[in-house]
Amino acid sequence: MRNAFSDLLSLSCVCITEKPGVCPKINLEDDMIGDCAEMCSQDGHCPDDEKCCSNGCGHQCM
């Protein structure tokens, strides 16, 4: 018999880690390297259809 706690635990573990699509390519020859901050670590941290992508130094939602 399942209880409310086990149902809550099951629901809390459901997350999207990778969304469809691809991150933009980084052109390291440009002087336009992004912030060296880790604003996300997986696609599930980003809103809507954005993905967590490398910006040349850190990661951000794009």
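## Exercises on the disulfides

A disulfide (a pair of cysteine sulfur atoms within 2.5 Å) joins Cys23 to Cys53, with an S to S distance of 2.0 Å. This is a predicted model, in which local features need pLDDT of at least 70, side-chain atom pairs count only at pLDDT 80 or more, and totals for chains, interfaces and linings use all residues. Residues are numbered from 1 along each chain as its sequence is written, and side-chain values use heavy atoms, with hydrogens and water left out.

**Exercise 1.** Describe the bond between Cys23 and Cys53: which parts of the chain does the pair link?

*Solution.* Start with the positions. Cys23 sits in the loop between helix 1 (4–12) and strand 1 (52–54), while Cys53 is in strand 1; the two are 30 residues apart, and the pair links distant parts of the chain. Helices (H or I, at least four residues) and strands (E, at least two) are DSSP runs, numbered from the N terminus. Last, check the surroundings, where buried means under 20% relative accessible area, exposed over 50%, and partly exposed in between (1.4 Å probe, protein chains only). Cys23 counts as partly exposed at 29% relative accessibility, and Cys53 counts as buried at 2%.

**Exercise 2.** Now turn to Cys36 and Cys57: is their disulfide left-handed or right-handed?

*Solution.* First confirm the bond: a disulfide joins Cys36 to Cys57, S to S 1.7 Å. The torsion about the S-S bond of Cys36 and Cys57 is about 105°, so the disulfide is right-handed. Then place the ends. Because Cys36 lies in the loop between helix 1 and strand 1, and Cys57 in the loop between strand 1 and strand 2 (59–61), the pair ties together parts 21 residues apart in sequence. Cys36 is exposed, with a relative accessible area of 62%, and Cys57 counts as partly exposed at 36% relative accessibility.

**Exercise 3.** Work through Cys40 and Cys52: how far apart are their sulfur atoms?

*Solution.* The sulfur atoms of Cys40 and Cys52 are 2.1 Å apart, and the two residues form a disulfide. Cys40 lies in the loop between helix 1 and strand 1 and Cys52 in strand 1, so the pair ties together parts 12 residues apart in sequence. Both Cys40 and Cys52 are buried.
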